[in-house]
Amino acid sequence: MSDQTEQRIAFITGASRGIGASIAKAVAAQGRHVVLVARNADKLDEVKQSISDAGGSAQSLACDIGDQAALEGAIESVAKEHKRLDILINNAGITRDNLLLRMTDEEFDEVIAVNLRSVFVACRAALRPMMRGKWGRIVNLGSVSGLVGNPGQANYAASKAAVVGFTKTIAKEMAAKNVTANVVAPGFIETDMTDVLPESVKQLAKDHTPLKRMGQPHEIAAAVAFLTSEDAGYVTGQVLTVDGGMTTV
Ligand code: NAI
């Protein structure tokens, strides 16, 4: 149980659609004020409106997380405006799939910049306000690709595997400051990211999933919301895989 009196502030990247929008709704439903971050201001405003309609508290902030100065500036401005920053959810991510023999430098670098470097930049910027508040929750989105690999995703798998080691290190460095850091690793989830895949690939994924279906964004959001809750204070440095059993051996 919490003795918290002031509303906690959550900064959520990639909140304009898919898993990020679901996470924002779930975290807002827990009574947090959510800061919705993505590039498309109009889409963010739609998510903000639906959170407000449900009685939640939200603001939108358009920002390209691949732009280091913009991302740092966004986090600093939120911490200044609210005089706190309690929760950081690094959800935004991209794929640029190609078999390794054909993968270009640009495809590799772009994925690393958005999926890994931005996570480093955001976490570093968020730690100071979390330390000042003597409380923090960081959740970074991984992927089953980063745990077991996936053909065509060497860049993506590398970025998501790196996020695991990075997050476990934050968990150890920040434990004494009452800041937890965990990864949620989704399997195949129905969003725009997977919508582009051929039907045959989707069917193969379902066949390899014990639950025989793709996951829904709200099923990832529930795991993330738990890890940001007051009750999750003794969970840190973990990877919570939400994949319908796909990686069960
Ligand atoms: P999506 O493509 O539907 O949404 C991605 C979000 O990130 C969007 O809001 C987009 O605007 C934002 N974004 C991308 N690049 C950005 C940038 N440079 N600056 C600001 N915002 C940016 O993706 P989805 O499926 O919702 O994925 C969310 C997270 O979950 C990602 O980290 C993804 O890698 C991870 N994931 C998704 C899986 C799936 O099956 N959908 C499986 C495993 C992991």
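Reader: Is Asn90 buried or exposed, and why does Asn90 count that way?

Author: Asn90 counts as buried because its relative accessibility is 4%; buried means under 20% relative accessible area, exposed over 50% and partly exposed in between, with a 1.4 Å probe and protein chains only. Before we go on, a word on what you're looking at: this is a predicted model, where local features need pLDDT of at least 70, side-chain atom pairs count only at pLDDT 80 or more, and totals for chains, interfaces and linings use all residues. Residues are numbered from 1 along each chain as its sequence is written, and side-chain values use heavy atoms, with hydrogens and water left out.

So, where does Asn90 sit? Its place is in strand E4, residues 87–90; helices (H or I, at least four residues) and strands (E, at least two) are DSSP runs, numbered from the N terminus. Leu88 and Asn90 point one way from E4, Ile87 and Ile89 point the other way, and all are buried. If you skip neighbours within four places in sequence, Asn90 is in contact (heavy atoms within 4.5 Å) with Thr13, Ser118, Val119, Ala122, Cys123, Val139, Asn140 and Leu141.

Now zoom out to the sheet. Its 7 strands form an open sheet with parallel pairing, in the order E3-E2-E1-E4-E5-E6-E7; two strands pair if DSSP finds at least two bridges between them. Strand E3 (57–62) and strand E7 (239–242) are at the edges with a single partner strand each, so one side of each has no neighbour in the sheet. On average, neighbouring strands here are turned by 15° against each other, direction ignored. For angles in general, axes are lines fitted to C-alpha atoms, for helices over the stretch in contact, and angles run from 0 to 180 degrees between N-to-C directions.

E4 has partners you can trace residue by residue. With strand E1 (residues 9–13), E4 pairs in the parallel sense over 3 bridges, and Ala10 stands opposite Ile87. With E5, E4 also pairs in the parallel sense, over 4 bridges. There, Leu88 has Ile138 as its bridge partner, while Asn90 has Asn140.

6 of the 6 residues of E5 are buried, so the strand is largely enclosed by the rest of the structure. Both faces are covered, with Gly136, Ile138 and Asn140 on one side and Arg137, Val139 and Leu141 on the other.
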